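This report describes one protein model for a reader who is new to structural analysis.

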Amino acid sequence: ALAIYPHVDDVEQIAVATVYGHRNVAAGVQGSAGGYYPMKRGAAHHSTPFVVALGLRDGDLTPASYEGEPWLDQAVLDLMRRIDLVIEPEFERGFNEQGLFGCRLVVELLDGRRFEDVALGLLDGRDEVRSRTAQPARAAHPLESLRDQHADAAQHLEPLLGRVQGLGREEVHGADDLTALQ
């Protein structure tokens with residue numbers, strides 16, 4: 001969301017934002033019905049729709065982002081309702097088999113423009129993500145820099161790198177389209 005923020009002049013122009021990720025991003029506590037209506041700071045902190053909405057609205061997500069109870073702000077709630085969460089099989093396999101943590105965000109504006117970004121990291125023994133958020137799609141692919149940072153895990157990243165790079169060249173509307181990209 002932070003890499004897409006510079007391209008979105010007004011969040012009211014967002015038709016839909018779709019987060020494709022593994023179960024821990026797109027389901028569970030983060031993607032539950034309660035994740036769309038957090039009532040307390042802790043619930044907001046663990047809500048994928050909330051953190052994506054703030055990232056798109058503010059271009060930043062820090063402890064200060066939670067001041068003033070923004071999870072109760074009607075404009076934030078309206079934006080959260082336009083965020084879809086989709087469990088993507090490739091991210092699910094990467095998380096379960098290689099400890100890869102990440103998601104792909106696609107933002108479609110009312111005027112038809114579309115922006116996409118991928119954030120991907122490796123989980124270490126303390127469950128910390130050891131990567132940075134990807135740059136806008138026109139920059140070098142984020143998995144390439146992640147591969148450089150974690151040469152020891154490169155063999156696990158190569159198959160996913162090829163799959164995710166292919167996503168930008170294909171029309172993808174749902175899980176069936178993703179699984180057809182083999």
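## Helix α4 and its surroundings

At the start of α4, a side-chain oxygen of S47 comes to within 3.1 Å of the backbone nitrogen of F50. A polar contact is a pair of N or O atoms within 3.5 Å; within protein, one must be able to donate a hydrogen and the other to accept it, and residues adjacent in sequence count only if both atoms are side-chain atoms. The structure is a predicted model, in which local features need pLDDT of at least 70 and side-chain atom pairs count only at pLDDT 80 or more, while totals for chains, interfaces and linings use all residues. Residues are numbered from 1 along each chain as its sequence is written, and side-chain values use heavy atoms, with hydrogens and water left out.

Helix α4 spans residues 48–58 and is mostly covered, with eight of its eleven residues buried. Helices (H or I, at least four residues) and strands (E, at least two) are DSSP runs, numbered from the N terminus. Buried means under 20% relative accessible area, exposed over 50%, and partly exposed in between (1.4 Å probe, protein chains only). The buried residues of α4 include F50, L54 and L56. After α4 comes G59, whose phi is positive, near 75°.

## The loop between α4 and α5

E69 lies in the loop between α4 and α5 (74–80). Phi of E69 is near 50°, a positive value in a residue other than glycine. S65 is found in the loop between α4 and α5 as well. Leaving aside neighbours within four places in sequence, S65 is in contact (heavy atoms within 4.5 Å) with L54, D60 and P70.

The relative accessible areas of some residues are listed here.

| Residue | Relative accessible area | State |
|---|---|---|
| F50 | 0% | buried |
| Y66 | 6% | buried |
| S65 | 13% | buried |
| E69 | 44% | partly exposed |

## Aromatic rings

Which residues form one aromatic cluster? The cluster consists of F50, Y66 and W71. Rings of Phe, Tyr and Trp (its six-membered ring) pair if their centres lie within 6.5 Å; planes under 30 degrees apart count as stacked, over 60 as edge-to-face and the rest as tilted. The structure holds two aromatic pairs. F50 and Y66 form a tilted pair, 5.7 Å centre to centre with 40° between the planes. This pair links distant parts of the chain, as F50 is in helix α4 and Y66 in the loop between α4 and α5, 16 residues apart. The rings of F50 and W71 have centres 6.3 Å apart and planes at 70°, so this pair is edge-to-face. F50 lies in helix α4 and W71 in the loop between α4 and α5, so the pair ties together parts that are 21 residues apart in sequence.

## The nonpolar core

A nonpolar core is a set of buried Ala, Val, Leu, Ile, Met, Phe, Trp, Tyr and Cys residues joined through side-chain atoms within 4.5 Å. The largest one has 28 residues, and F50, L56 and V107 are among those with the most contacts inside it. The largest share of this core, five residues, comes from α4.

## Confidence

Over residues 125–151, pLDDT stays under 50. Where pLDDT is low, the predicted coordinates should not be read in detail.

Methods: pLDDT = per-residue confidence, 0-100.
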